[in-house]
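These are my notebook entries on a structure that I had not examined before. I record below what I looked up, entry by entry.

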Amino acid sequence: MFTPLALIAGLLILILGAEALVRGASTLALKLGVTPLIIGLTIVAFGTSAPELAVSLKSALAGNSGIALGNVVGSNIANIGLILGLTALVRPIGVQSMMVKRDIPLMLFASLLFWGLISDGSLSQLDGALLGSMLLVYLGMNYLFDKQQADTESMELKPLAPLLAVVLLLLGIAMLVGGGILFVDGAVALARQLGMSELLIGLTIIAIGTSMPELITSLVAARRGESDIAIGNLVGSNLFNILGILGVTALIHPITASVPKLDMLVMVSLALLLLPLAWSGLRIGRREGALLLLCYLVYLGYLILMSGG
């Protein structure tokens, strides 16, 4: 009885949290004099990645490094294949040239760097420091090069008072974290009742479940016409997952585990595929969304097949 209630309650909290986060973030971008894209790449992305951070830290400290790594890799694959694909199918997403020239290539570079660092079966504290330092440089670069007055016409609604915008932003992040955890707990319980293996649960339910904040937030942002927040949230989340979550986790507790080459290859390939898709017409249309979603479904089908059901 608890499981379906947890799923429904978690989903409702996620939707309400996403609405609050997108509304608060849009206004905050205006007040800070930066573009919604920068807010999407930073504050919104970090907020929606909070469940991944909680799961990875908890797993690493408990000695389950494989879950920490699998969560990040699985979430990054889901962000591009599943979430961006679904969002583009609902409403085509415009892409700024800056994202194609800088942010997506950096996401690809971070993915390749992570693959290189983990190839020896571990992420040391030095590796964590390197990843974390790259994140700090990226944040500083974003603020210095992109600080400019946001266009008020890009917002559907009248801007809120600054204090209310901050309250909505923090409330939205808190609801996304709480709703995400509730949804994951309910989904894992249901999966176990259905007899799914622990491996399959980790690669699918946990990875997708912790990506639910990104999914709901991107869909809400796309529906509101905030394309910059929608795609910035996903690219920023992938960067934060690698540079921030793995960086912080490895700094606190070195990670010793290996990631199957296929999963790493899929993560890097989707990051690489996103470049030409975004470059063509500077938009992710429904055809591109369908292609990304198809890639994810093929990958998911392979996981289910290899797990024996």
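Is Y296 buried or exposed? I found that Y296 counts as buried, because its relative accessibility is 3%. I use buried for under 20% relative accessible area, exposed for over 50% and partly exposed for values in between, with a 1.4 Å probe and protein chains only.

Before going on, I note that this is a predicted model, in which local features need pLDDT of at least 70 and side-chain atom pairs count only at pLDDT 80 or more, while totals for chains, interfaces and linings use all residues. Residues are numbered from 1 along each chain as its sequence is written, and side-chain values use heavy atoms, with hydrogens and water left out.

Entry on aromatic rings. I looked for pairs among the rings of Phe, Tyr and Trp (its six-membered ring), where centres must lie within 6.5 Å; planes under 30 degrees apart count as stacked, over 60 as edge-to-face and the rest as tilted. The count came to one aromatic pair. The ring centres of Y296 and Y299 are 6.2 Å apart and their planes stand at 55 degrees, so I list the pair as tilted. Both Y296 and Y299 belong to helix α12, residues 286-307, and are three residues apart, about one turn of the helix. Helices here are DSSP runs of H or I with at least four residues, strands are runs of E with at least two, and both are numbered from the N terminus. Y299 is buried as well, because its relative accessible area is 7%.

Entry on charged side chains. How many salt bridges does a search of the whole structure find? The search finds one, taking a salt bridge as a side-chain nitrogen of Lys or Arg within 4 Å of a carboxyl oxygen of Asp or Glu. Its partners are R102 and D103, whose closest N and O atoms are 3.4 Å apart. Side chains of opposite charge can pair when their charged atoms come close. I placed R102 in helix α5, residues 97-118. R102 is buried, because its relative accessible area is 16%, and D103 is buried at 0% relative accessibility.

Entry on the surface. I8, L11, L12 and I15 make a nonpolar surface patch of about 330 Å². I8 sits in helix α1, residues 2-32. I8 counts as exposed, because its relative accessible area is 51%.

Entry on a backbone angle. L282 has a phi near 50 degrees, a positive value in a residue other than glycine. I located L282 in the loop between α11 (261-279) and β4 (283-284). L282 is partly exposed, because its relative accessibility is 35%.

Entry on distances along the chain. I206, in helix α8 (residues 198-210), is buried with a relative accessible area of 16%. I206 and V55 are 151 residues apart along the chain, and their C-alpha atoms are separated by 8.9 Å. I245 lies in helix α10, residues 227-252, and is buried with a relative accessible area of 0%. I245 and L164 are 81 residues apart along the chain, with 29 Å between their C-alpha atoms.

Entry on the record. The unreviewed UniProt entry places the feature "domain: Sodium/calcium exchanger membrane region" at residues 5-143 and 165-304. Over residues 5-143, I read 86% helix and 3% strand, with the end C-alpha atoms 42 Å apart.

Methods
Patch = residues over 30% accessible without salt bridge, like charges linked within 9 Å, V, L, I, M, F, W, Y side chains within 5 Å. Areas by Shrake-Rupley, 256 points an atom, 1.4 Å probe, with all protein chains shown as cover. UniProt positions renumbered as here; feature names shortened; annotations may be inferred.
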